[in-house]
Amino acid sequence: MLDLSPEEWTAVMLSLRIAAVATAVSLPFGIAVAYLLARKNFWGKSVLDALIHLPLVLPPVVTGYLLLIAFGRKAPLGAFLADNFGIVFSFRWTGAALACGIMAFPLLVRPIRLSIEAIDTKLEDAASTLGASRLWVFATVTLPLALPGIIAGTMLGFAKALGEFGATITFVSNIPGETQTISAAIYTLTQVPDGDSAAFRLVIVSIIISLAALIAAEWFARRAAARLHGN
Amino acid sequence: MLSVRVEKALGDFTLDIAFTSAGGATVLFGPSGTGKTSIINMIAGLLRPDRGRIALDDDVLFDDAARIDVPAHKRRVGYVFQEGRLFPHLSVKSNLDYGRWIGGHAADPAAFTHVVDLLDIGALLDRRPGKLSGGERQRVAIGRALLARPRMLLLDEPLASLDAGRKAEILPYLERLRDGAEVPMIYVSHDASEVTRIASHVVRIDGGRVTATGGVELLS
């Protein structure tokens, strides 16, 4: 039943690559933003908070269109990046990763922020009296204690990135082998007369990947929780 | 020698404290809510005084006039908290080793064994803090502070969360610590019976002021 054609395999592998890159690149930023929002009070905090959550409430097409305006080849930012760093987003898989990363960001940040907020800062004080600088306190106390939230955020972000459709197709279109993810491929297949069986195969693959990600995240979260609460 | 002279506005009262501690165990004694914990937090660098000066021997830790405020992690002042505050994600052994490791010092098995024996915590090394009793937890917390090689040890009601039996279990270790003259101690307590055996010097504190200094007779 799961006899995928080379084109379908390409879409599956591309989806995995885009989601993995989007999640991996977003994660350090996500942790930094979560820490800022959880711990610091600064001017414009609520604006930053709103900005991060915007992709969650905006129609994805709007986010995709905004990305097109900002990062298109002829857009100032897109032209600057292309001319100076050779980074091109428009109609490339990297652009799909950018769109997925931005769409997934609020889901990635939230659990991390919550887990950082739940950490007893007295433990961090204790670490500093033992000689740990702020950076070391973060690396050896804050980060390990936030690990369950980081795992949950990564998993949610990855799932969102994997399923992202609207912003991606608006920003980088639906080019087989370059920007055509599983979702876009399924959409395309539903638009042609004899695409049903192929669409169904991709749906099955999609379900398998999502379940595997869920099970893996659950397993990691359990291990992390066991580490935190003693054995 | 530790010398402390600090002022700090704390909610509804102002802390205005001056005392010195020449070694042994100095007990900051007084009712709850009189700012004793704030005083040792200021010595540790966890709370910033509004004004004053804190010096340990020739080393100025805080001086508002000279704009000196050494960050907590550079003060080398050990702190045993009321509730232990062991790192839940690390084993007892890693908790004990944390200060040495973070300071970048080579392992010193002799010092480690000495402290583990002194506090009788050898059987707990592979456990997680979550599985320790209150008394065990506090002994590990004392060991963790000692093994960071502090120049002085601050203890904030380290026995307050324990029942009478557990208190009696830990007191001998604290006496050993004092008599070994390993590090001078500042010991915060509101319970005279707990500190009578430990105190070599008493600073009585009430309402944010020092009301008397002297020996154990002040505890009665």
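This report describes the fold, surface and charges of chain A in a predicted model.

Residues are numbered from 1 along each chain as its sequence is written, and chains are lettered from A in the order in which they are written. Local features need pLDDT of at least 70, side-chain atom pairs count only at pLDDT 80 or more, and totals for chains use all residues, while side-chain values use heavy atoms, with hydrogens and water left out.

Chain A contains eleven helices and zero strands; helices are DSSP runs of H or I with at least four residues, strands are E runs with at least two, and both are numbered from the N terminus. Overall values for chain A are given below.

| Property of chain A | Value |
|---|---|
| Span of the C-alpha trace along its principal axes | about 70 × 45 × 30 Å |
| Accessible surface (Shrake-Rupley method, 1.4 Å probe) | about 11,900 Å² |
| Distance between the centres of the positive and negative side chains | 10 Å |

Of the accessible surface, 69% belongs to carbon and sulfur atoms. Of the 231 residues in chain A, 43% are buried, that is, under 20% relative accessible area with a 1.4 Å probe and protein chains only. The charged set comprises 16 positive and 14 negative side chains, with Lys and Arg counted as positive and Asp and Glu as negative.

Phe200(A), Val203(A), Ile207(A), Leu211(A), Leu214(A) and Ile215(A) form a nonpolar surface patch of about 560 Å². Such a patch joins nonpolar side chains within 5 Å, from residues with over 30% relative accessible area and no salt bridge (a side-chain nitrogen of Lys or Arg within 4 Å of a carboxyl oxygen of Asp or Glu). Ile215(A) belongs to helix H11, residues 196–228. Ile215(A) counts as exposed because its relative accessibility is 58%, the cut-off being over 50%.

Methods:
The place of a charge is taken as NZ of Lys, CZ of Arg, CG of Asp or CD of Glu. Patches are made of residues with over 30% relative accessible area and no salt bridge: like charges are joined within 9 Å, nonpolar side chains (Val, Leu, Ile, Met, Phe, Trp, Tyr) within 5 Å.
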